[in-house]
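Welcome! Here is a short briefing to read alongside the sequence and the 3D view.

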Amino acid sequence: DTALVWFRRDLRLDDNAALQAALAAHDRIVALYVHAPEEEAPWMPGAASRWWLHHALQTLAGRLADRGAALHLAQGPSLAALRNAARAVGAAAIYAQRLYEPAAAERDRRVAGALQRDGIPVHFVSGALLAEPPAVVTGAGTPYRVFTPYWRTARALLRPRAPWTAPPRIPSTTLDGALPLAAFGLLPAIRWDAGFTTAWQPGEAGAQDALADFLGAPLREYADARDRPDQVGTSRLSPHLHFGELSPNQVAHAVLQAAGRLGTGARQGAEAYLRELGWRDFSQYLLHHNPSMADTPLDPRFERFAWDPRDDHAQHRWQQGRTGIPIIDAGMRELWSTGWMHNRVRMLVASFFTKNLRQHWLDGARWFWDTLVDADLANNAQGWQWTAGCGVDAAPYFRIFNPVTQGLKFDPHGHYVRRWVPELAGIAVPLVHQPWQDPDLLRRTGYPAPLVDLADTRAAALAAWKSLGG
Ligand code: FAD
């Protein structure tokens, strides 16, 4: 008999638990992708995510074709598309990897209920996380709200499995009436994506190459180098993980194996790296337990916080990387041209936006959502709430990053700033991180004066925090 494999954010063949389960229990499969972005509203995929998705689907289709199978594309709604496909091939069951975002999870419950009534069981299998949320609870059986104890428990449970390898031939049935990928209209009409094309190779092969590149010296150096935006110190796996081109199990397994080979130094790197994968799990865990977290502060006191009125001019300057604070501008320009930004710099630009500009964190989160290739509802909300100080286990609000001292510390030679802010190309440290110290330099280079005074805005933010009773 035949089963449908409903691909969503598991755009890989290896270690794909839905595909594995379907092939184990059925003779043939039909691989199906349904395009239904409105089912994820109000957080429908942004422009950078759509670019990535187009290329990831294209490569997945190629990999299936190499194994004698097709990827069938259908337009949503999901229920109608699955029902049509299931009826056309007489499918005995449907398999999919479980999702945790509230809108997707709710859709999945509804779709599975309706298909069940049609007599078609839908099996959701684990694969997006290292640990399923219900598996990680306190001694009292309640969810954790703080990362460190969460991770102590989750790390102790972690036993990465040797990844499953997809067979060289995938027995499949063909389905008539499939759409061409172009029908989804995922690519931008105005071609702003040249920088993306040079920076990334979306899809499973690109993901496996990126992982392999990371597993030598970068893994050994990771514990220290991960904070340095001027170095390639991190794995850049985030978009691949978001779209499921690699499973976290594959990554954790490979990292531990490599650490075993590389010896002591690498073991420290591996633990630091697994901890970051732990943050990824923890974000999904928080979103699962707090379904409104993408739109409302986890710390309810911040419902009353005195954000400044929306300032379109300031937000625009921030988006364009024209704030006059070099490390902030470097980050925002890196984001615009590659769809990615280093984690340390994400924290700095988010702190500047929410504290120095005192703009609402959701406005910043929405810009990231549209421009990041790794835009991820749980990680993005968690990252913004953590930096804005309104999350659970967040950086306290009064911890306001100083972008000058942070720049001098984490971009000590100014390489990162000079790379992304060419106006400052000839300028050395420390001036490259605070060019306003030399008004003549600003005149010469055309680089803008600071949009706001860092010290004054810091003091104003602290006063607003005090008025909240902080
Ligand atoms: P590595 O250092 O190589 O880490 C490995 C993997 O661990 C990453 O690929 C990612 O999946 C996970 N990870 C690392 N750091 C974090 C973290 N702090 N929180 C959760 N998971 C983490 N990450 C996203 O994937 N999507 C987002 O939309 C997103 N938005 C963010 C917004 C803000 C304001 C902040 C401060 C952080 C955000 N992050 C987001 C987290 C983090 O910045 C990125 O995951 C990381 O920079 C990706 O680069 P990498 O793959 O080289 O990371």
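How far apart do the C-alpha centres of domain 1 and domain 2 lie? They lie 26 Å apart. Please keep in mind that this is a predicted model, in which local features need pLDDT of at least 70 and side-chain atom pairs count only at pLDDT 80 or more, while totals for chains, interfaces and linings use all residues. Residues are numbered from 1 along each chain as its sequence is written.

**Domains**

- The chain is divided into domain 1 (2-127), domain 2 (129-161 + 205-289) and domain 3 (300-467), with bounds from an automatic or database domain assignment.
- Between domain 1 and domain 2, 14 residues on one side are in contact with 14 on the other; contact means that C-beta atoms, placed from the backbone, lie within 7 Å.
- On the side of domain 1 that touches domain 2, helix H2 supplies the largest share, 4 residues.

**The sheet and its helices**

- Five strands form an open sheet in the order S3-S2-S1-S4-S5, with parallel pairing; two strands pair if DSSP finds at least two bridges between them.
- Helices (H or I, at least four residues) and strands (E, at least two) are DSSP runs, numbered from the N terminus.
- At the edges are strand S3 (71-75) and strand S5 (122-125), each pairing on one side only.
- Strand S4 (residues 93-97) is joined to S5 by 4 bridges, and Tyr95 stands opposite His123 in S5.
- Helix H2 (residues 47-66) lies across strand S1 (2-7), strand S2 (28-35) and S3, at about 140° to S3; axes are lines fitted to C-alpha atoms, for helices over the stretch in contact, and angles run from 0 to 180 degrees between N-to-C directions.
- Helix H4 (residues 102-117) lies across S4 and S5, running at about 145° to S5.

**Annotated binding site**

- An unreviewed UniProt entry annotates a "binding site" whose residues include Tyr222, Leu237, Tyr273 and Asp374; such annotations may be inferred rather than shown by experiment, and positions are given in the numbering used here, with feature names shortened.
- Leu237 is found in the loop between helix H8 (217-225) and helix H9 (238-242).
- Leu237 counts as buried because it has 21 C-beta neighbours inside 10 Å; the cut-off for buried is 20 or more, for exposed 12 or fewer, with partly exposed in between.
- Tyr273 lies in helix H11 (residues 264-289) and counts as buried, with 26 C-beta neighbours inside 10 Å.
- Leaving aside neighbours within four places in sequence, Tyr273 is in contact with Leu219, Tyr222 and Val255.

Definitions and conventions:
Contact = placed C-beta atoms within 7 Å.
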